[in-house]
Amino acid sequence: KHYPNDSDGLPQRDELLSLIAAGCNWLVSNQNEDGGWGDTILSYSNIATTILGIAAIKLAGNESDYSEAIESATSYVDQQGWIDGLKARYGKDKTFAVPILTNAALAGLVPWSAVASLPFELACFPQSFYRFLQLPVVSYAIPALVGIGQAKFFHQKPWNPISRIIRSLTVNRSLRVLKQMQPASGGYLEAIPLTSFVAMSLISTGRAKHSVSKNAVRFLVDTVR
C-alpha cells in the first residue's frame, strides 16, 4: 500500500513489485547453509546482514512463500542473540546498529524501544555550529539522522516532554534540510544502504509521496543490476 504509483518519472507499482520479488528470490537463493547471510555471497554469515535479510522478506510480504528460509535465518539469529548480538558486534558504535534495528522494528522483529532515539533536530543547526556546540555530527550522517530519527519519533515518542516538543517543532524544518541535501540522482552519497534507510524510514511515517521518498526510490531502482 505504500508503493508510489504515479507518473513522476517513477516505475509503476507492478514493476516495483516485480523487482522486490526478484530481490527476495535472490536472497533465498544465496542463503548460507547455516541459515544466515553474509556481506557478499562468498562471506560468512553475520547477525547484521541476516537480520536485514529477514526484515526484507517480511517487509516485502513474502514471509509465507519463504517460510523455511525465514525459519532457518531466525534460528541463526536466535543463536547470535538478536539485540545483544548486534551490540556485541558493534559495541558503542550506533552508525550501523541503529539503522539495522530500525529496519528490524519496521518489520516487527524487535520492539521500537530497542531503537535508540536520534536527535534529528540537530539538522536544523548550520553545520558550522556543530563543532561550537561540541556535537559529533558530520554532514554525511545528517540524512540518516533525519530519516531514521523521524521514524523512531513517529513510532515511539520520547518520554521527555521537552524533547517531544522540540522534535515536534522541527519535523518539517529538518525534512526540508533532508530535501536540500538530496542530489539530483536521488541517492545520498550515491549509497544504496544510506538511501534505503532514509526511504524506508520516511515511507513508514506515511510520506511515500514526499519528493525525498520518491527520488530515493527512483535512485534505488536505477541501481538494480
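The crossing of α5 and α9 is left-handed. That comes from a predicted model, so-called local details included.

**How the helices cross**

- Start with α5 and α9: their axes come within 11 Å and cross at roughly 40°.
- Now look at helix α4 (residues 82-90) and helix α5 (residues 94-106), whose axes come within 9 Å and cross at roughly 155°.
- Since roughly antiparallel means over 145 degrees, α4 runs roughly antiparallel to α5.
- As for handedness, α4 goes past α5 in a right-handed crossing, whereas the α5 and α9 crossing is left-handed.

**The second largest pocket**

- In total, 14 residues line the second largest pocket, and K87, K94, A97, L101 and A116 lie nearest its centre.
- Sorted by class, the lining of the second largest pocket comes out as 8 nonpolar, 4 charged and 2 polar residues.

**The enclosed space**

- Rolling a probe the size of a water molecule over the atoms is a way to show where empty space remains.
- How many cavities of 30 Å³ or more turn up in a search of the whole structure? The search finds 1.
- The largest cavity has about 30 Å³ of space in it.
- Its lining is made up of S117, L118, F120, G149, K152, F153, Q156, P158 and R167.
- Helix α7 (residues 142-155) gives the largest share of that lining, with 3 residues.
- By class, the lining of the largest cavity splits into 4 nonpolar, 3 polar and 2 charged residues.

- W82 isn't a glycine, yet it has a positive phi of about 50°.
- Is W82 buried or exposed? Its relative accessible area is 18%, and because the cut-off for buried is under 20%, W82 counts as buried.
- L189 is another non-glycine with a positive phi, this one of about 55°.
- L189 has 61% relative accessibility, and because exposed means over 50%, it counts as exposed.

- E15 belongs to helix α1 (residues 13-29).
- The C-alpha atom of E15 is 9.6 Å from that of V221, although the two residues are 206 residues apart along the chain.
- The relative accessibility of E15 is 43%, which means it counts as partly exposed, falling between the 20% and 50% cut-offs.

Technical notes: Residues numbered from 1 in each chain as written. Predicted model: local features only at pLDDT ≥ 70, side-chain atom pairs only at ≥ 80, totals over all residues. Heavy atoms only, no water. 1 Å grid on protein atoms, 1.4 Å probe; cavity = no way out; pocket = protein on both sides within 12 Å on 5 of 7 lines; lining within 4 Å. Points joined across faces, edges and corners; volume = space filled by probe spheres on them. Helix = DSSP H or I, 4+ residues; strand = E, 2+ residues; numbered from the N terminus. Nonpolar A, V, L, I, M, F, W, Y, C, P; charged D, E, K, R; others polar. Buried < 20%, exposed > 50% of the residue type's maximum accessible area, 1.4 Å probe, protein only. Axes fitted to C-alpha atoms, helices over the stretch in contact; angles between N-to-C directions. Parallel < 35°, antiparallel > 145°, perpendicular 65-115°, else oblique. Left-handed = near helix turned anticlockwise from the far one by under 90°.
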